[in-house]
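Have the model open as you read.

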Amino acid sequence: MDYIISNGWNIETGIFTGKNPDEYVKKILEVNSKDAMYESRSVRLKFRHKFHGVKYLPLLHDSINNVDYLSLGFVYDSYGHLGFNRIEVRNRKAYIFIADKNYFSGKEGNVRVRIFNTCSVKHILAASVHMEDKIKFLMNYDNNNIYYNKIIPEDCAFIIDAEISRETESFRETISFGKEIINRTMVYNRLKIFRFSFNEKHCCGIIQGGYDHLFLYKVAVKLGTDTGKV
């Protein structure tokens, strides 16, 4: 593992260093083929520190686009959807990129979310690739099924209580997907942060365009090719 110090946070990176994408694709297919679902146990979490706004967030700096982004945030919304979205902070305002243009279909008003951070590989895989039932995948990946609020692991580094607004803003950005570099206008939704809770300033992070990001891209492409769902 490697570490980056940013905004007072010790951010752990290099989660998939030395790993083979094919092994994780095989594991995903094996887990998703299971019919039964392991049981889980719920716990209560109490955090020592609680803040409002974006001032103390563990942010990494994107020098290409000159913007700060959340090191690693899993977005779990009030409709049971789990995603891994890019969250940026510009002029002390938070924004979230949602690739699914139909995300708000069937939803009323703004969407309440809990954004959390964990080094859990199964959460990273579930949030990063297409799956029919992500909760079932999380339950069946291993026997470590102790959760807060249904799927948030007990060892999460922080939780952000927030709301995805239907209000949008567009920014011109350069984004890398594998070896492909795309320069285009990206439409972001405003993210209203109500509370940011944590115990200590230590978390995991995935660097935009870095090794872990490209590794997950390879896993997603290989899984899509093998299942026919790219």
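## How H1 meets H4

Helix H1 passes helix H4 in a right-handed crossing, meaning that the near helix is turned clockwise from the far one by less than a right angle. This is a predicted model, where local features need pLDDT of at least 70, side-chain atom pairs count only at pLDDT 80 or more, and totals for chains, interfaces and linings use all residues. Residues are numbered from 1 along each chain as its sequence is written, and side-chain values use heavy atoms, without hydrogens or water.

The axes of H1 (residues 21-32) and H4 (residues 211-227) come within 9 Å and cross at roughly 50 degrees. On the H1 side, Pro21, Asp22, Tyr24, Val25, Ile28 and Leu29 meet Phe215, Lys218, Val219, Lys222, Leu223, Asp226 and Thr227 of H4, with contact meaning heavy atoms within 4.5 Å. These contact residues divide into 8 nonpolar, 1 polar and 4 charged.

## An enclosed helix

Helix H2 (residues 121-128) is largely enclosed by the rest of the structure, because 6 of its 8 residues are buried (under 20% relative accessible area, 1.4 Å probe, protein chains only). The buried residues are Lys122, His123, Ile124, Leu125, Ala126 and Ala127.

E3 and E12 (residues 146-148) run parallel, joined by 2 bridges. Serine 42 has tyrosine 147 in E12 as its bridge partner.

Definitions and conventions: Buried < 20%, exposed > 50% of the residue type's maximum accessible area, 1.4 Å probe, protein only. Helix = DSSP H or I, 4+ residues; strand = E, 2+ residues; numbered from the N terminus. Axes fitted to C-alpha atoms, helices over the stretch in contact; angles between N-to-C directions. Nonpolar A, V, L, I, M, F, W, Y, C, P; charged D, E, K, R; others polar. Pairing = 2+ DSSP bridges.
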